[in-house]
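Here's a quick briefing for anyone meeting this structure for the first time. Have a look at the model, then read on for the main points.

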Amino acid sequence: MTRVETAFQPTEMRSSRPSPRRLALLGATGSIGRQVCDLVERHPDRFTLHVLVAGSDAAALEAVARRHPEAHALLAHAAGADPIRAGRAIDEAVSDPEVDLVVVAAAGSDALAPTLAALDAGKDIALATKEVLVMAGELVRERMRRHGSQIFPIDSEHSAIWQCLWGEHHRAIRRLILTGSGGPFLRRPLESLETVTIAEALTHPRWKMGPKITVDSATMMNKGLEVIEAHFLFDVPYGAIDVVVHPQSVVHSMVEFVDGSIKAQLGIPDMHLPIAVALSFPERLDGVTPAPDLAALGQLSFEALDGVRYPAVALAREAGERGGTAPAVLNAANEEAVALFLKGQRRFVDIIPSVRAAIEAAQPTDDLTLEAAIAADRWARTHVRASAGGTSPVRSKLPA
Ligand code: MG
């Protein structure tokens, strides 16, 4: 009989956490990282920043480090620095015995190696970067089992599911129901998606997030990646993970149980809340956000996912079910296609066909190692850049 309290392992709640909890923060200058810093500054009795890691923005990292002089600040991609040495320094910093919790909010593939290093050091992880599980979910699970570490999800949907599962038995789960707002193009005529501009794709109706994830919300690839993330976090088969469109983004996700009950977690769309839940587990912080005013909202609506408008979800599910390196190819091809779109070099409607083309052209590898995941990631990026949208069935219909 397994009781689900942590994402992977049924362990007893650890109530005697050191206070203030010492955090290592990967991705200190990004959207999630800034909100983590916010919460730390609002609760200096509960948290301190012990390690700060950013990608390449030295000035932004310095600004954060100035407010947290006790933290050891590191840049992953400093100009002229040896990337291997920088990587090793980051792995060592997150594994420091002084660190109580590693918050992973670094961009995509940058997060993978330090997450594995932290797990190997037996650290618990608060995970915002879903790409870690999409690229290497099987590896991550194996490291956790070996070292007895845990993952607390920050992604709002997974935080909702996690909260719904506290105190429940794993065998009582019938299905997980991920909600998605549908992004800015839920009602836009399908034909007009061909003319979507960068600015339109970056205007999310509910959430304020970084540019890459905002575009992923518009294609709903974000939800596809979240299906894979949920599969690995909660050990539930793909067939028991559903997606429902919920434009108000108040119900953050749900769990259906074998008796026919559904539990949901509600909150205003503000990432401070799932971040706070992951940082303070098993306790809750006071007054993180206002609670939603249900009478003022009037109604919450739900609708079936339109597979024609959002082919990304089925594509991601397919890659997840294929397993091995297929999810890593999906993730990298998508990152690259979105980057090209944001540079004005690819149309919005070319993003998902580019990803599909990469998955279809990839050599399937069933055996997932870190090296295989990284090789698949590199291959997929090159494939998307080289194909320049030429394989897109939508583009081929356009006049030359
Ligand atoms: Mg999410």
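The buried residues of helix 8 are covered by, among others, helix 7 (198–201), helix 9 (221–234), helix 12 (311–322), helix 13 and helix 14 (351–361); cover here goes by contact, that is, heavy atoms within 4.5 Å. Helix 8 itself takes in residues 211–219, and T214, V215, D216, S217, A218 and T219 are its buried ones. Buried means under 20% relative accessible area, exposed is over 50%, and partly exposed falls in between (1.4 Å probe, protein chains only).

Some ground rules before the rest. This is a predicted model, where local features need pLDDT of at least 70 and side-chain atom pairs count only at pLDDT 80 or more, while totals for chains, interfaces and linings use all residues. Residues are numbered from 1 along each chain as its sequence is written, and side-chain values use heavy atoms, leaving out hydrogens and water.

**The whole protein**

- The protein has 16 helices and 13 strands, which are DSSP runs numbered from the N terminus (helices are H or I with at least four residues, strands E with at least two).
- A compact globule of 400 residues would have a radius of gyration near 21 Å, and the protein agrees with its 20 Å; that radius is taken over C-alpha atoms, and the globule rule is 2.2 Å times the number of residues to the power 0.38.
- Along its principal axes, the C-alpha trace spans about 65 × 55 × 40 Å.
- Of the 400 residues, 56% count as buried.
- Take the contacts between residues at least 6 apart in sequence, and 72% of them join residues at least 24 apart.

**The nonpolar core**

- The largest nonpolar core holds 126 residues, and L330 and F348 have the most contacts inside it.
- Such a core is a set of buried Ala, Val, Leu, Ile, Met, Phe, Trp, Tyr and Cys residues joined through side-chain atoms within 4.5 Å.
- Neighbours within four places in sequence aside, L330 touches M221, L225, I228, L315, A316, A319, V355 and I359.

**Loops with something to look at**

- Where does P282 sit? You'll find P282 in the loop between helix 10 (272–280) and helix 11 (294–297).
- F281 and P282 are joined by a cis peptide bond, with omega at about 10°.
- D235 is in the loop between helix 9 and strand 10 (241–245), and its phi is near 55°, a positive value in a residue other than glycine.
- Is D235 buried or partly exposed? D235 is partly exposed, because its relative accessible area is 43%.
- S249 isn't a glycine either, yet has a positive phi of about 50°; its loop runs between strand 10 and strand 11 (251–257).
- S249 counts as buried because its relative accessible area is 6%.

**Around T365**

- T365 belongs to the loop between helix 14 and helix 15 (370–387).
- With 32% relative accessibility, T365 counts as partly exposed.
- Leaving out neighbours within four places in sequence, T365 is in contact with G324 and T325.
- T365 and A319 are 46 residues apart along the chain, and their C-alpha atoms are separated by 12 Å.
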